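Take a walk through this model with the structure open beside the text.

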Amino acid sequence: MLDVKNVCKSYSKPGSLLGKKRQEVLKDISFAVKTGECVGLIGESGSGKSTLGRLILGLERPDSGEIRIEGAPVSEWKKSHGGEMSVVFQDYTTSANPRFTVEEIIAEPLLGGRKSRSVTIDVRELLTKVELSTTLLGRYLHELSGGQLQRVCLARAISTRPRFMVLDESLSSLDVSVQAQILTLLRNLKGELHMTYLFIAHDLQTITNLCNQVIFLYQGEIAERLPSSRLAFAQNDYARRLLNSVILFDG
């Protein structure tokens, strides 16, 4: 599904003359995600996680290297696969137009794409799918809780039945109980819609609850990649420090 090869990304340092001084954010990143996999990308703030997410989504371009989806460059793939890639961002409070009702937020992607039935019916079904009451359809963002609003953003994200979804710190600002509910929902949607996930987070426990593979990103480089079932066998020092902060290993 996704193939990232030798990707590098840098930005001009603030105050540098003509942008000549640059800060390397990603250094020779390579990994692949198979169709149907859920891969977790974990690292501390500033490790390059969100930058990598933006590159994969085609919102920015790498300095060098390439990113392909099903063998095609991201920009080309998106043109011929409208609605098949989606994203849920961390800051759900700015991810939707505050002047829109819940119905309008979810309907927005549907209005520009293929629809076999009325948008109203589709929106109601999507709201039910993310376990929200249809009584919320006429409400505005400020009338929703954080958990409700993130579910609305999730309903919008799956409205086009995407095959690949990037979740960028999308649960980090929610209460633990709400996180658990949405993780369960994501697992159910993955099976129902046969989606492939790239789950970006800084919380290892959140990632291991959903993902079958974990990539540790440290200072712009991949420190280690392991199946979730084999995290105890991590060799990299950074990965082990992170793991030991939440998991007590024998020996």
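**Pocket, helices, cavity**

Strand β4 (64–69) and helix α2 (74–80) each supply at least two residues of the lining of the second largest pocket. The model is a predicted one. Of the elements, β4 gives the most to this lining, with 4 residues. The pocket holds about 260 Å³ of space. In total, 13 residues line the second largest pocket. Nearest its centre lie Arg-61, Pro-62, Ile-67, Val-74 and Ser-75. By class, the lining splits into 5 nonpolar, 3 polar and 5 charged residues.

Now turn to the helices. Start with α3 (residues 102–111) and α4 (residues 119–129). The two pack at an angle of about 115°, and their axes are 9 Å apart. Their crossing is right-handed. On the α3 side, the contact uses Val-102, Glu-103, Ile-106, Ala-107, Leu-110 and Leu-111. On the α4 side, Val-119, Thr-120, Asp-122, Val-123, Leu-126 and Leu-127 meet them. This contact of α3 with α4 counts 9 nonpolar residues, 1 polar and 2 charged.

Helix α3 also packs on α5 (residues 146–157). Here the angle is about 25°, with the axes 8 Å apart. Angles under 35 degrees count as roughly parallel, and α3 and α5 are therefore roughly parallel to each other. The crossing of α3 past α5 is right-handed. From α3, the contact draws on Val-102, Ile-105, Ile-106, Glu-108 and Pro-109. From α5 come Val-152, Ala-155 and Arg-156. The contact of α3 with α5 has 6 nonpolar residues, 2 charged and no polar ones.

How do the axes of α5 and α6 cross, and within what distance do they come? They cross at roughly 15° and come within 11 Å. The two helices are therefore roughly parallel to each other. Their crossing is right-handed. Helix α5 brings Gly-147, Gln-150, Arg-151 and Leu-154 to this contact. Helix α6 answers with Val-178, Gln-181, Ile-182, Leu-185, Leu-186 and Leu-189. The contact of α5 with α6 comprises 6 nonpolar, 3 polar and 1 charged residues.

Rolling a probe the size of a water molecule over the atoms shows where empty space is left. How many cavities of 30 Å³ or more are there? The count comes to 1. The largest cavity has a volume of about 30 Å³. Which residues line the largest cavity? They are Val-88, Gln-150, Leu-154, Leu-167, Ser-170, Leu-171, Ile-182 and Leu-186. Helices α5 and α6 are the elements that give two or more residues to this lining. The lining has 6 nonpolar and 2 polar residues, with no charged ones.

The cavity leads back to the helix packing. Gln-150, Leu-154, Ile-182 and Leu-186 are among the residues that line the largest cavity. Gln-150 and Leu-154 of α5 also belong to the contact with α6. Ile-182 and Leu-186 stand on the α6 side of that contact.

Terms used. Residues are numbered from 1 along each chain as its sequence is written. This is a predicted model: local features need pLDDT of at least 70, side-chain atom pairs count only at pLDDT 80 or more; totals for chains, interfaces and linings use all residues. Side-chain values use heavy atoms; hydrogens and water are left out. Axes are lines fitted to C-alpha atoms, for helices over the stretch in contact, and angles run from 0 to 180 degrees between N-to-C directions. Angles under 35 degrees count as roughly parallel, over 145 as roughly antiparallel, 65 to 115 as roughly perpendicular and the rest as oblique. A crossing is left-handed if the near helix is turned anticlockwise from the far one by less than a right angle, and right-handed if clockwise. Contact means heavy atoms within 4.5 Å. Ala, Val, Leu, Ile, Met, Phe, Trp, Tyr, Cys and Pro count as nonpolar, Asp, Glu, Lys and Arg as charged, and the others, Gly among them, as polar. On a 1 Å grid over the protein atoms alone, a cavity is a set of points where a 1.4 Å probe fits but cannot get out, and a pocket is an open set with protein on both sides within 12 Å along at least five of seven lines; lining residues have an atom within 4 Å of a point. Grid points are joined across faces, edges and corners, and a volume is the space filled by probe spheres set on the points.
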